[in-house]
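My entries follow the model shown here.

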Amino acid sequence: MIKMEKQQIKQIFRVVCVVENLSETLENWKRMVRFDLGSIKMGKSDESDKHIYQGKEASCSYEYADFDLGGVEIRLVEPKHKKGGDPYSDALAKKGQGFHHLSVCVEDREALIKKYEELGIEPISKEESKNGDVYMIYDFEQDAGLSISLCDKMTGPCAREEI
């Protein structure tokens, strides 16, 4: 069992959910949940980003919608390759729509990554953007019932609080 050191995590700032149909799901959120509709930002993955999934290079194309839900960013992700082979489409096929991972801001990202490496814990997914940003998802489903992405800075509504 992996012990997550609570003091290393500063804050959860994004909740990522995988969905079958982004526009339909977003319309359901708008109809059923009160949130700032002006905060909605739509986007899609960059084809030039490099994706490593389960240790192998993979195609990972998706569209997303971000919005502010009470100070925490919600990201709805629709994988474009529904047949599998990437972290989002595999999760959708395995568990259906719903929670995928939390993005957390940590005190010292590089030290925690090094500690995980020493413990033999490798990210299940790694995305390298053309501007040099690296996003990694660690699967702690068996130990804690969740997956996390370690970040050294926050984005979205929580980032405003740090300024």
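Predicted model: local features only at pLDDT ≥ 70, side-chain atom pairs only at ≥ 80, totals over all residues.

**Aromatic rings**

Residues are numbered from 1 along each chain as its sequence is written, and side-chain values use heavy atoms, without hydrogens and water.

My search of the whole structure gave 7 aromatic pairs (rings of Phe, Tyr and Trp, the last by its six-membered ring, with centres within 6.5 Å; planes under 30 degrees apart are stacked, over 60 edge-to-face, the rest tilted). Phe-35 and Phe-67 are stacked, at 4.3 Å centre to centre and 25 degrees between the planes. Phe-35 lies in the loop between H1 and strand E2 (41-44) and Phe-67 in strand E5, so their pair ties together parts 32 residues apart in sequence (helices, H or I of at least four residues, and strands, E of at least two, are DSSP runs numbered from the N terminus). Ring pairs also link Trp-29 with Phe-35 and Phe-67 in a cluster.

**Helix H3**

I then listed the buried residues of H3 (residues 109-118): Arg-109, Leu-112, Ile-113 and Tyr-116. They fall within an arc of 100 degrees seen down the axis, so they line one face of the helix (the arc is that of the directions from the helix axis to the C-beta atoms). On the other side, I found Glu-110, Lys-114 and Glu-118 exposed.

Terms used
Buried < 20%, exposed > 50% of the residue type's maximum accessible area, 1.4 Å probe, protein only.
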